[in-house]
Amino acid sequence: MRSVIRFTPVRLEETGLQSILAHPVVPASLCSHNLDLAKQALIKRGFSYIKQENSSYYWHLPDSVDDDRQVSISERDGTVWIHASTSDLEIPMEAALITEIWDDTGILSQTPDADSFFSDMLLAVRAGKLSPLVIKRPSPVLQKSKDPKKDYAPFENSAVQIQRVFEGRARVLALIAEKGSGKSYGVERYVRNGGAISLSAKTWAAEAAAQRFEKRDVPSVVRYRGREYLWEQVKDLPVDARMANPFQHGNVCEDPERCDTLAQKGGNPSESICPECPVYTECQQRGYLSQPGAL
């Protein structure tokens, strides 16, 4: 016994397959971060993408068979606007902010009206009735800062320039160099060859360098003394006794506190205070003012 299978022709429209096959593909991006967020909100609610016209994107309502029942979204003033084609929906027919319709889009809320900038939610937060966490803030966008352009000359060129300075007729030479292994050989070679340098005794690096030179019997290292040098040991002595025998205790200035105060305010003690000092002549011979000449 043979079984007969009969096929009944069915119109493609009756199966709904035609509408599925003809359904437009949702663009991967709507060319805007806010529009992409709005797209995800529409897809999550079952809307189907239809088309794009100018700057507007049209969508079918969920389970809608009426082509006239649509919604469209567009971006203006930095946010997304939405409106519906019919009045029987929960979306207004006049363009409205999508953030006022749905509160889970992730789009930063903005209001075009300056008078309504302070929303009820913001006022409630300021009054302490709501937590500040209810205010949605955009994720910070971090950007890599550009490094300033750095031009490094070849070491050979730098060495030649430094050597020219060392060989010149400069009376006092100040050199700011990097610390670390291999950074101070040029200075040390200069000193060992008979050059003279002055080391400030305020930093441990200068003290260490001076001790290293002294251990190698390098006689041309001069210590530069600040006005406060050994002042703590002599400031309690009577003024008359100190002025009668200045600099007997190793200090280099007999009035350092007043001089430093003037210098901090932008003055020049060597022009304002020192000429009136009772030991001005002695200071030029063996005190603080004698150091530039000695160097």
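Begin by selecting Thr 79, which touches Asn 34, Ser 74, Leu 97, Ile 107 and Leu 108, leaving aside residues up to four places away in sequence; contact here means heavy atoms within 4.5 Å. The model is a predicted one, in which local features need pLDDT of at least 70 and side-chain atom pairs count only at pLDDT 80 or more, while totals for chains, interfaces and linings use all residues. Residues are numbered from 1 along each chain as its sequence is written, and side-chain values use heavy atoms, with hydrogens and water left out.

Thr 79 is buried, with a relative accessible area of 2% (buried is under 20%, exposed over 50% and partly exposed in between, for a 1.4 Å probe and protein chains only). Thr 79 lies in strand S4. Strands (E, at least two residues) and helices (H or I, at least four) are DSSP runs, numbered from the N terminus.

Next, display the whole sheet. Five strands form an open sheet in the order S1-S2-S3-S4-S5, with antiparallel pairing; two strands pair if DSSP finds at least two bridges between them. S1 and strand S5 (96–97) are the edge strands, each pairing on one side only.

Now select strand S2 (residues 56–60). Four of its five residues are buried, so S2 is largely enclosed by the rest of the structure. On one side, S2 pairs with strand S1 (residues 48–53) in the antiparallel sense over five bridges. Across this pairing, Gln 52 stands opposite Tyr 57, and Tyr 49 stands opposite Trp 59. The hairpin of S1 and S2 has two residues between the strands, and Asn 54 takes a positive phi near 55 degrees there. S2 also pairs with strand S3 (residues 70–76), antiparallel over four bridges, and Trp 59 stands opposite Val 71 in S3.

H3 lies across S2, S3 and strand S4 (79–84), running at about 160 degrees to S3; axes are lines fitted to C-alpha atoms, for helices over the stretch in contact, and angles run from 0 to 180 degrees between N-to-C directions.
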